[in-house]
Amino acid sequence: MSQDVQTRAKARKANTSRPGRASAARKDRDDKQFELLPGEPLGRDLLKNRFVSAVMRSRWYPGAFQIPIAAVFGLVAYQLLVGPSKAHENAGTALMWVLWWPALPLVYVLLGRFWCAVCPFAALSDFVQKLVGVNRPVPPFLKKYGIWVIDATFLAITWADHVFGIVGSPWGSGILLLLLTFSVIVSGAFFQRRAFCRYLCFLGGLSANYARTGMVTLRANTDICSTCTAKAACYNGTDTVPACPLSSFPRTMEDSANCNLCANCIKSCPNDAITLTVRQPTKELWFLRNPKIEESFLAMAIMGIVIIQNITMLPIWTDALAWVNKVTGITSYPVIFTALFAVAVSIPVALLALAAKVASGGNLESTIQNFARFGYALIPLDVAAHVAHNLFHLLAEGGSVFYTVGALFGGHASGSPALAGNGTIQVLQYILLALGLAGSLYTARRIAHRRYLTPGRRRSTLVPFTTLIVVLGALNAVMFLFPMTHRM
């Protein structure tokens, strides 16, 4: 036996006797393979279309959308604060919670984070910044922990809604808008760009997660960017075009979480390196290279929020309150709801952690790494459950928008607020859930197949996460079997 053969034999024996070292070597190979895989492929550039290009490069975009939307929001705020005190008579409540809130997730799926480009709060932030802004850098704390602040804010607002009745109270909803307005003004006065939108806005956190499923995506052609001499005009702006409001650098951008399609980079790039393409929903989730545990946590927390929102609208909720009162003797609704809310939010998070722990035994990655990476696979189901829940409000109460807004102009129409029957609504809800379930299962499969080389590691990863997705999908399906109460 030659010396080379003897050396290889000893190496194989050493690896066999040290499974940890062999596993680490296999993991290194998988990691290298993963890093070498190409990023998300881009489709046909919509900016090649003259009409689309003209719109995105126009000086009236996105201002032409911001002005009428700001006017409607002004009407909403006025109605909430000084209009009728009963929610079912208030046009502000109908426009905000029956029309705008249910439609918002659909915008994210179709157009990504486009809403943030036309949001009145964004326009207000820009105005305050031009007027009195001191343009201080965003504190490192916010850059690092801003998403956790968003997570906490989202949970706090949902909790406050049930404890203080924000949605059901026009005045309460108006106060919420005032608090958000005050936060936007303070942020715009002190910090650069739209710090509030990126690091503090609970709606921004929701849109960042959901925008990953969006069908429209903006990217830069890195081949062109590598020869650019414009000193990052797409990021820093020019004399006539503002800088990127969300501080995203198109050349290095790999996801749509912090791109609001404001088109500033399209207008400022001197080399036409920016592309705007259409892709199939959820595709971005398959190609993420730097998953973050806080974003996966937010996805699971939103799932828990949808669960508790559904439960509180079902007949079983009254029975649950009575049972807790009988067992514990506690009669305070805020105390009972806080406990049940904490449990509802914790269940999806705990289930994801459990699935991540099980998967870590077979794919040689830590529980935290699995939690961060595969939490994104739940986003399609998350979006579907959220839209399905809001679809009830839109179709079962949508008529109230016509009645209350019509009343502002002297109309006296009345009747059932339902735009569709319960049977039709349930069918649509189950179609949405089926699409979300399929999207999450397929996303988990694509992530596993891109990440791991061996069938064994893929299988040991997919089994627990597939089980988790099916369990959460079934839980939502069961809740939609029962009739829900109206919001207004």
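Axes are lines fitted to C-alpha atoms, for helices over the stretch in contact, and angles between N-to-C directions run from 0 to 180 degrees. Helices (H or I, at least four residues) and strands (E, at least two) are DSSP runs numbered from the N terminus.

The model is predicted: local features need pLDDT of at least 70, side-chain atom pairs count only at pLDDT 80 or more, and totals for chains, interfaces and linings use all residues. Residues are numbered from 1 along each chain as its sequence is written, and side-chain values use heavy atoms, with hydrogens and water left out.

**Exercise 1. Describe how helix α5 packs with helix α11.**

Step 1. Two packed helices are described by the angle between their axes and the distance between the axes.

Step 2. The axes of α5 (residues 91-111) and α11 (residues 202-211) come within 8 Å and cross at roughly 40 degrees.

Step 3. Angles under 35 degrees count as roughly parallel, over 145 as roughly antiparallel, 65 to 115 as roughly perpendicular and the rest as oblique; α5 and α11 are therefore oblique to each other.

Step 4. In contact (heavy atoms within 4.5 Å), Trp100, Trp101, Leu104, Pro105 and Tyr108 of α5 meet Phe202, Leu203, Leu206, Ser207, Tyr210 and Ala211 of α11.

**Exercise 2. Classify the ring pair of tyrosine 108 and tyrosine 210.**

Step 1. Rings of Phe, Tyr and Trp (its six-membered ring) pair if their centres lie within 6.5 Å; planes under 30 degrees apart count as stacked, over 60 as edge-to-face and the rest as tilted. The whole structure holds 21 aromatic pairs.

Step 2. The centres of tyrosine 108 and tyrosine 210 are 6.2 Å apart and the planes stand at 70 degrees, so this pair is edge-to-face.

Step 3. Tyrosine 108 belongs to α5 and tyrosine 210 to α11, 102 residues apart, and the pair links distant parts of the chain.

Step 4. Buried means under 20% relative accessible area, exposed over 50%, and partly exposed in between (1.4 Å probe, protein chains only). Tyrosine 108, at 0%, is buried, and tyrosine 210, at 1%, is buried as well.
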